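Thank you all for making time this morning.

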Amino acid sequence: MSRAGGTWVGARVPRNEDARLLTGRAQFVEDVEPPGALHVAFVRSDLPAGRLRRLDVDSARAHPGVHAAFTAADLGPLLRPGAVLVPPPPLEGLVFHARTALPLVRDRIRHQGEALAMIVAESRYVAEDAAQLVEADIEPLDPVVDLGHALDDDAPRIHDDLPSNLAAHVRQTKGDYAAARARADLVLERRFSYDRGIGGAIENRAVVAEWDARADRLQVWDTTQAPIPVRNVVAAALGLSESQVRFVAPFVGGGFGPKIMFYAEEILIPWASIQLGRPVKWVEDRYENFFATTQERGQLHEAEIAVTREGRILGVRDIFIHDSGAYDPYGLTIPINTQCTLLGPYRVPNYESEFRVAFTNKPIVTPVRGAGRQHGVFVMERLLDLAARGLGLDPVEIRRRNVIGSDEFPYNHEIMYQDFAPLRYDSGSYEASLEEAVRLVGHETFARERERVQADGRVVGVGVVNYVEGTGIGPYEGARITVEPGGTVRLATGVGTQGQGHFTSFAQIVADAIGVKPSDVRVVTGDTSDFHWGTGTFASRGAVVAGNAIHAAALSVREKILKHAAEALEVDPDDLELADGGARVRGAPDLSVDLGALALAANPLRGAVEPGTEPGLEATSYFGPPYGTTANGTHALVVAVDPETAMVEILRYIVVHDCGTVINPTIVEGQIHGGVAAGIGNAFYEELVFDEFGGTSNASFMDYLLPTSTDVPPIETTHLETPSTLNPLGTKGVGEGGAIPVAAAFAQAVEDALADIAPGLEILDIPCSPGRLFELLRKLREASTQAGETA
Amino acid sequence: MKPPPFDYVAAATLDEALEALADTSLEARPLAGGQSLVPMLNFRLAAPERLVDLNGIEELSRVEETEDGGLRLGAMIRHSALERDPRIAHRSPLLAEAAPFIAHPQIRSRGTVGGSVAHADPAAELPAVLLTLGARVRLTRRSRDGESGSRVERTLDLGDFFLGPFFSALEPDELLTAIEVPPSASGEGTAFDEVARRRGDYALAGVAARVRLDSRGVCDAAAISLVNGGSTPCLMREAAQALVGEEPTPEAIEAAAAACAETSEPAADMHATEAYRRHLIRVLTSRVLSHAADRART
């Protein structure tokens, strides 16, 4: 296996940004406090469904220290529904009803936390005091809470102009599933439910806007993952030129998906700054975050698998419902991901997949790390486990018999992916990753050698599952690289950064191309005044799309350096090498010139720049892949289960993964660790609990259980590197892979641990909280008691 | 999540604090570690007009070893002291054993024993542990009109202190100033365990137990109390009585554990059904009683 590496790509380079982050000197939006800033608190609906009959903000306006209290009536032309960010894919027969929210509620409330009014005051304290004085007369409506009944004929209508709560209907097929089923030796049908949850970034959303009337410019600091598209939307909404609006996404304390979304606050805060002639600041609090920031939630699947006696997959059929919440601004990305990722690394000759998206009176669903992929992986991996059990096969063996071989790439699944391109896998290491994980966890000997029951009465089990991760989709990203006269290299790119280590891995790519150290490269991300073309950080695409744009720009700058150095040293460019921040003649290192001097010479104060050339050592490049590149991996874990308390502890966690060229192993491992932690939360801890009235019962970190450091075990990571064939660096994304297969692995391991105590246990619902596991065990015991009585 | 306005009094002495609490026309709340009160303020679930900060009062932060072999804990002792103070571990090992289960280290550094008891939360560990130990609370207030002296004090059994969920016998002008823990008897063993979703969370269920064995190895006194086993922190007298007069055999322990689960009144919430809680209470009671009995034997 070759990779594009050099000195720096592939090396464990310490992170350029850590000194600032670890000493508290990194700027976050909360740190921005322009003199004279006013503070915002929103009045939000406690009810998930209702009609706003009257809204009285007079007392709030009159409260000392309050500068303004805005309602929908004050917004004028801003009062229009938000944008649909991702259109539906061009599939035959597809149904999609786009419905998006108004910035402030005018009459209809469709989910808890929708904003009714915006209070602007001297401080957040005063703003919250005044918010309590707002009187809202709301006629409650019956809420749609239960996803399983959201599409019933008699379900209350969430959008009156639609005939039902159906937001979308999509069907994709390949082959002939019915025929495959007819010749199968075993057909298994099950119902699965898979709940996801919030993004749970440590930093909530925040927006600070400062309108400078004299300069006729608006500056906004925003926690967004997509500063350029948000800037463009805000400029258009406010009737400003894009050049008048600068968005800065500084350090952001975690994105995980919800910060890709465009939010009403991103228009309202700048608008308020213009209205009031003062800087305006809003920092979302944790409680608001549970309603006002998007989240992921449940899907209900009815799935079946048809296999031969030998365990070969003949076909899969999956019908599911996806909960979109009250609106669907992010199109169909999540359910399409589910539909496609279900196929995983397996040969599935016949596939029938159909989903319906339902509106419910719950907060809006948009991608959260994994973005529906884990739902699909869970269904497929569980079907394989159950089929293996039905056939008397080892769970690993059934996977071995179905994974796509290394000689089968590129592999075409013949359905359409979220980037509207066919679901094709460019390269991968499915057999190798499975075998390596099996070896590392000792699976072959595990069943024989382990002490099934430990001294403390707990039982142990093992789980091994596969996944693929579609990553690095288009459309494009760009980068500009400039060598400054001081010798510093400046790299600007449009993607925002939320902790991924961009300041280091991007610098490593540049360092290899032009012979400098990564610490010599100053990386600027997410500032529209530095770079204003691009889409954002999402879909595990930074290292792929931005990374390859940076690579291209670096190679262009390299050419310019070589040309200028060849002239300066009067040698042929082919005789030169770039190293230690300069160009030197191979074999004669004394003949050299440093980059700063070349940058100065390339931007002369006298003499003409030749026609057809540009001043400076600078280049801008763009990269857009033809379609997404597919990463893969295998997770294996060992759990200990206390059969009396139904508590589960993960004893070992092994990740074997392949994201193509690894730029920085430490950073990649960080992505894996965070992803696995999110997956553990998903599998066992996290669940948004809605009461019968549609209210969120656990909108705090006391009751919404994120895994903490004591709940996440050490993670043993092995990197395989099968380069992508779709980009020069050979990189694939890794941001979500850690999170995707965890629940499937967890379920398999818990069933394995309890195989003797509770034979027949089937974990089909996620999260598998201890309470849920207790119920499953209790029902099994009751069933076996009854069976015993009748026998 | 910002608190509504309040008046703030930083008391330097106990008398200053009692003075600030004496005017009951004003809704005043003492501020100890603030680990429950401050989140309630920020969620605007509580809106007292005055906070009386006790953190500057030195005399409330003492640990005293009493002559009878017990302990007198000032109300402002931090949970971390229960974990670390060798005098506490020596005289009352159950307190030291249970302390690491109370929330997280950051919270234990700020949270106080007096605050935890006064909060009367049935889900908290400390009330259950102190009930098991037979602790008493000292309540102090400034003399009201017509009363002699400057202060009035009373001491209550903890069992008489807890009246309901988050509701105690504390009068609005009273301050919980100390907790008295009786000495442990010879032949006595104690134990604590709980099941929580994550380390540091409120327990789904928890059990504290004390078992005393006579020279023949027969249980002559026992106490069991539950975390999240009912609407108030309470002793499970019936279950404990089931063990008295018995040798703590697995069967006897199982019977007591079953009685404990039977007579408990756990509530269902999003984290556990009533049935699951009751089941956990039985499992934990059995484990904790075995442990306590083992310790009593050595």
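I will go from the contact between the chains to the domains, and then to a pair of strands.

Please keep in mind throughout that this is a predicted model. Let me begin where the two chains meet: chain A brings 21 residues to the contact, and chain B brings 16 residues. If you look for the element of chain B that gives the most to this side, you will find helix α12, residues 274-297, which supplies four residues. Sorted by class, the side of chain B that touches chain A holds nine nonpolar residues, together with three polar and four charged ones.

Turning now to chain A itself, the domain assignment gives domain 1 as 18-26 + 474-623, domain 2 as 32-141 + 199-292, domain 3 as 142-197 + 295-404, and domain 4 as 433-470 + 629-791. The C-alpha centres of domain 1 and domain 2 of chain A lie 37 Å apart, and in the contact between these two domains of chain A, 18 residues of domain 1 meet 18 residues of domain 2. On the side of domain 1 of chain A that touches domain 2 of chain A, the classes are 13 polar, four nonpolar and one charged.

Chain B is assigned domain 1 (7-53), domain 2 (58-181) and domain 3 (189-297). For domain 2 and domain 3 of chain B, the C-alpha centres are 22 Å apart, and the contact takes 22 residues from each of these two domains of chain B. Which element gives the most to the side of domain 2 of chain B that touches domain 3 of chain B? That is α8(B), with six residues, while α5 (93-98), α8 (125-132) and β8 (162-164) of chain B each supply at least two residues of that side. By class, this side of domain 2 of chain B has 15 nonpolar, five polar and two charged residues.

Finally, let me take you to two strands of chain B. Strand β12, residues 203-213, pairs with β13(B) in the antiparallel sense, and the pairing runs over eight bridges; within β13(B), B:L226 is the residue that stands opposite B:V207. The two strands β12(B) and β13(B) form a hairpin with five residues between them, and in that turn B:G217 has a positive phi of about 85°. Is strand β13 of chain B mostly covered or mostly open? Strand β13 of chain B, residues 219-227, is mostly covered, with seven of its nine residues buried.

Conventions:
Residues are numbered from 1 along each chain as its sequence is written. Chains are lettered from A and ligands numbered from 1 in the order in which they are written. This is a predicted model: local features need pLDDT of at least 70, side-chain atom pairs count only at pLDDT 80 or more; totals for chains, interfaces and linings use all residues. Two residues are in contact if their C-beta atoms, placed from the backbone, lie within 7 Å. Ala, Val, Leu, Ile, Met, Phe, Trp, Tyr, Cys and Pro count as nonpolar, Asp, Glu, Lys and Arg as charged, and the others, Gly among them, as polar. Domain bounds come from an automatic or database domain assignment. A residue is buried if 20 or more other C-beta atoms lie within 10 Å of its own, exposed if 12 or fewer, and partly exposed in between; C-beta atoms are placed from the backbone. Two strands pair if DSSP finds at least two bridges between them.
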